[in-house]
Structures are given as C-alpha cells and as structure tokens.
Amino acid sequence: MSSSTGAGSDRLAGLLAEHRELEAELADPAVHADAARARRLGRRYAQLAPVVETARALDAATDDLAAARELAGEDPSFAAEAEELAGSVGELTGRLTELLLPKDPDDDKDVILEIKAGEGGAESALFAGDLLRMYLRYAERRGWATEVLDAVPAELGGYKDVAVAIKSRTDEGIFARLKFEAGVHRVQRVPVTESQGRIHTSAAGVLVLPEAEEVDVSVDPNDLRIDVFRSSGPGGQSVNTTDSAVRITHLPSGIVVSSQNEKSQLQNRESALRVLRSRLLAAAREEAAATASDQRRSQVRTVDRSERVRTYNFAENRIADHRVGFKAHNLDQVLDGDLDPVLDALTAAATAELLAAGS
C-alpha cells in the first residue's frame with residue numbers, strides 16, 4: 001500500500017503494520033483462550049479498521065486519477081471523470097488526515113461516570129438525578145450496557161452522589177464519545193420547592209473516567225484501608241440490616257471510594273475497587289499529560305457554578321455548551337437521551353483544534 005497523504009506517512013505505515021500483526025494474532029486460536037486479551041486485541045483491530053479502509057480507498061482513487069488524467073490527454077471525454085476522481089482523492093486525503101491525528105490512549109475504553117450534587121442543595125440533587133437519567137437513556141439508544149455501582153440518594157429525590165459503569169457491547173470506544181461530558185453542568189429552572197415561582201440556578205459535577213482493567217493499574221492490597229458500615233438511604237434511614245457497605249481508602253494517594261448499592265459486602269468491595277482503579281488510572285494519565293505539557297481538556301474538580309461547561313435552561317427549553325458555542329432549543333429531547341448533536345459538536349471542535357495544531 002503506497003498512500004502518499006503528505007501527513008503522517010510514518011504514522012500511517014506504523015498503523016498499517018500494527019493492523020497486520022493484530023490480524024495474525026487474532027487468527028491464532030491460542031489467543032482466544034484468554035478472553036480479556038482477545039477482547040483487547042479485537043477492539044484495537046476494529047479501531048484501526050477505518051484507517052486501513054480509507055488508506056486502501058485513497059490508493060485506489062489515486063491510481064484511478066492518474067489513469068484518467070493520462071487518458072484525458074488523448075480523449076477529452078475522460079476529463080470529467082478525472083475531475084470527479086480528484087474530488088474523491090481530496091476528500092479521502094482529508095479523512096485520512098483526521099484518522100491519523102493523535103488519539104487519546106483511553107478513547108477505546110469503557111467508562112465509569114460519576115455525578116455529584118453541588119451548589120443548590122436539594123435542587124442540585126434532583127438535577128443530578130435528571131443527568132443520570134439522561135446518560136442512561138443515551139446509553140440505551142447506543143446499545144450500551146449500564147450498571148449503577150454506587151448511589152447516595154437525597155432526601156427529596158435525586159442523588160447526592162452516583163456512579164455508573166457504561167460498557168460497550170461491541171468494539172465501540174465509549175470514552176471517546178463521553179469524555180467531553182466532564183465538568184460542571186448548570187441548571188436554571190423553578191425548583192419544586194419554590195413557592196414563589198422564581199427561577200433558581202444550581203449545579204452538578206460530572207466526572208468521566210476510563211474504566212481501568214487490572215493490567216492498567218496495579219493496586220497493592222497493603223496500600224488499602226477497608227472499612228465496612230451499614231448502608232443507608234435518604235434521610236439516614238438504614239436500608240440494610242448488615243454491615244455490607246464498603247469504604248476503601250487508597251493510602252498513598254488519599255483517594256476514598258465507597259459502595260453501598262449491593263447487598264453483599266464482597267460485591268460492594270469489587271464495585272469500589274473498579275472505581276478506585278479508574279480514578280488511579282485517570283490520575284496517572286493526568287500527571288503524564290501535565291509532564292508532557294499536553295493540552296488535553298482538564299476535568300473540573302469543583303462543583304462551582306462559575307466553572308460551568310453547559311447550561312440547561314428549562315424556561316426556554318434551551319441547552320448551551322459554553323466551550324463550543326453550541327445552542328439548541330430541544331432541552332426536553334436532550335434530557336431524554338438525544339445527546340448526539342452536542343457530542344458531535346464537541347468532537348468536531350476537538351478535531352479542528354488538533355488539525356490546527358498539526359498545521
């Protein structure tokens with residue numbers, strides 16, 4: 001294959017070679033004895049498929065263009081075909097350039113998404129519940145599997161804190177799609193507790209973590225302090241008669257995670273460990289990015305209304321993403337899981353930034 005895109009030819013050669021190696025590995029029956037490894041290789045193979053297909057199409061179009069131009073010199077009727085092929089070559093070159101842009105190493109991972117109520121008290125907790133429903137409905141539309149790992153309900157409804165695992169049933173990378181959801185989400189509406197009909201502003205924080213596999217993060221059991229306690233629901237009432245809830249403190253980093261959603265202490269421990277591994281992976285990626293002066297978007301640590309990434313205005317049925325200037329008056333549909341337009345806008349803006357940096 002001899003695609004001469006003029007952009008990242010060395011990177012293209014490397015990716016094509018990696019694709020051939022993966023193809024050979026996946027053809028080996030022994031590889032499939034390790035289900036986790038086979039899934040990892042299969043996901044990477046699927047991720048490289050668009051690059052390979054586009055490079056092959058560009059090679060074919062380039063060859064056809066050269067032939068059409070040569071024939072047009074003898075027969076003018078081929079000029080229109082040559083012009084059409086030139087357009088195809090340009091389009092394929094642009095597509096390949098985008099595919100060769102540096103990728104986030106976690107783009108093909110599943111995610112753990114956490115939502116935390118912030119400023120606004122009970123209204124913020126209700127909004128956190130609305131956001132959870134929005135993401136669950138979006139996952140349902142995409143055919144993704146979801147699992148609530150931990151949830152701390154609020155007294156008047158919604159959640160003080162909730163964590164959900166979102167998994168692809170195919171080789172689709174979920175982190176690439178949801179990573180821009182991280183940040184502070186602000187809501188403007190009349191709360192159910194407001195008797196005067198005044199619009200209030202409150203906020204909830206969203207954290208999107210690539211779900212770490214055990215091969216990504218090694219956790220030394222000696223670095224963990226594990227406490228057990230009785231699960232409780234809104235208002236503090238006990239929802240379990242045994243000490244099944246688990247709180248894990250990672251002593252070197254100070255990260256604390258808890259889980260009380262399951263009835264079994266063992267299940268809660270495993271759920272908490274999944275969140276811990278993902279937080280440790282995110283912290284390691286962040287440290288590496290900072291060291292390399294990477295321009296990856298940082299995830300908001302506080303739930304301060306001034307650090308908002310998006311506003312949900314109920315009175316105007318309007319959603320506005322402040323990072324890319326996206327606005328739409330279909331808030332009801334967005335909250336029902338119609339997130340693709342805003343996610344497409346964020347992805348396109350990130351791609352444009354990378355293209356500008358590369359040029």
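Guide: H2 and H3 are among what covers the buried residues of H1. This is a predicted model, and everything below is read from it. The buried residues of H1 are Leu12, Leu15, Leu16, His19 and Leu22. Viewed down the helix axis, these buried residues fall within an arc of 125°, so they line one face of H1. The other side of H1 carries exposed residues: Asp10, Arg20, Glu21 and Ala24. Helix H1 covers residues 9–26, which is 18 residues; at 1.5 Å a residue they should span 26 Å, and the end C-alpha atoms are 26 Å apart, which agrees.

Next, H2. Arg43 sits in helix H2 (residues 35–72), and Asp110 lies in the loop between helix H3 (79–99) and strand E1 (111–117). Arg43 and Asp110 form a salt bridge, with the closest N and O atoms 3.5 Å apart. The two residues are 67 residues apart, so this pair links distant parts of the chain by the definition of the elements they sit in. Both Arg43 and Asp110 are buried. The pair also belongs to a network of salt bridges that links Arg39, Arg43, Asp110, Glu147, Lys167, Glu211 and Arg274.The count for the model comes to 28 salt bridges.

Another of these bridges joins Arg177 and Asp340, at 2.9 Å from N to O. It too links distant parts of the chain: Arg177 is in helix H5 (residues 175–178), Asp340 is in helix H8 (residues 340–358), and 163 residues separate them. Arg177 is buried, with a relative accessible area of 12%. Asp340 counts as partly exposed, at 26% relative accessibility.

Now the nonpolar cores. The largest has 37 residues. Those with the most contacts inside it are Leu113, Ile115, Leu131, Ile166, Leu178 and Tyr312. Two or more residues come from each of E1, H4, strand E3 (159–167), H5, E5, strand E11 (326–328), helix H7 (331–335) and H8. H4 gives the most, with eight residues. Take Leu178 as an example. Apart from its neighbours within four places in sequence, Leu178 is in contact with Val111, Leu113, Tyr138, Trp144, Ile166, Val208 and Leu343. A second, separate core has 21 residues, including Val31, Leu85, Val89 and Leu92. Nonpolar side chains tend to be buried together in soluble globular proteins.

Helix H4 can be checked for length as well. It holds 21 residues (residues 122–142), which at 1.5 Å a residue should span 30 Å; the end C-alpha atoms are 31 Å apart, which agrees. Just after H4 comes Gly143, with a positive phi of about 80°.

On to the strands. Strand E5 (residues 200–210) is mostly covered, with nine of its eleven residues buried. E5 pairs with E1 in the antiparallel sense, over seven bridges. There, Lys116 has Gly205 of E5 as its bridge partner. E5 also runs antiparallel to strand E4 (residues 183–189), and seven bridges join the two. Val187 stands opposite Ser202 of E5.

One more stretch of strands remains. Strand E7 (residues 245–250) has five of its six residues buried, so it is largely enclosed by the rest of the structure. Six bridges join E7 to strand E6 (residues 224–229), and the two run antiparallel. The bridge partner of Arg225 in E7 is Thr249. Thr249 also stands opposite Val256 in E8. Strand E8 (residues 255–259) runs antiparallel to E7, with five bridges between them. E7 and E8 form a hairpin with four residues between the strands. In its turn, Gly254 has a positive phi of about 80°.

Arg225 counts as partly exposed, at 43% relative accessibility. Asp227 is partly exposed as well, with a relative accessible area of 27%. Contrast Arg43 and Asp110, which are both buried.

Note on methods:
Residues are numbered from 1 along each chain as its sequence is written. This is a predicted model: local features need pLDDT of at least 70, side-chain atom pairs count only at pLDDT 80 or more; totals for chains, interfaces and linings use all residues. Side-chain values use heavy atoms; hydrogens and water are left out. A salt bridge is a side-chain nitrogen of Lys or Arg within 4 Å of a carboxyl oxygen of Asp or Glu. Buried means under 20% relative accessible area, exposed over 50%, partly exposed in between (1.4 Å probe, protein chains only). The expected span of a helix is 1.5 Å times one less than its number of residues. The arc is that of the directions from the helix axis to the C-beta atoms. Contact means heavy atoms within 4.5 Å. Two strands pair if DSSP finds at least two bridges between them. A nonpolar core is a set of buried Ala, Val, Leu, Ile, Met, Phe, Trp, Tyr and Cys residues joined through side-chain atoms within 4.5 Å.
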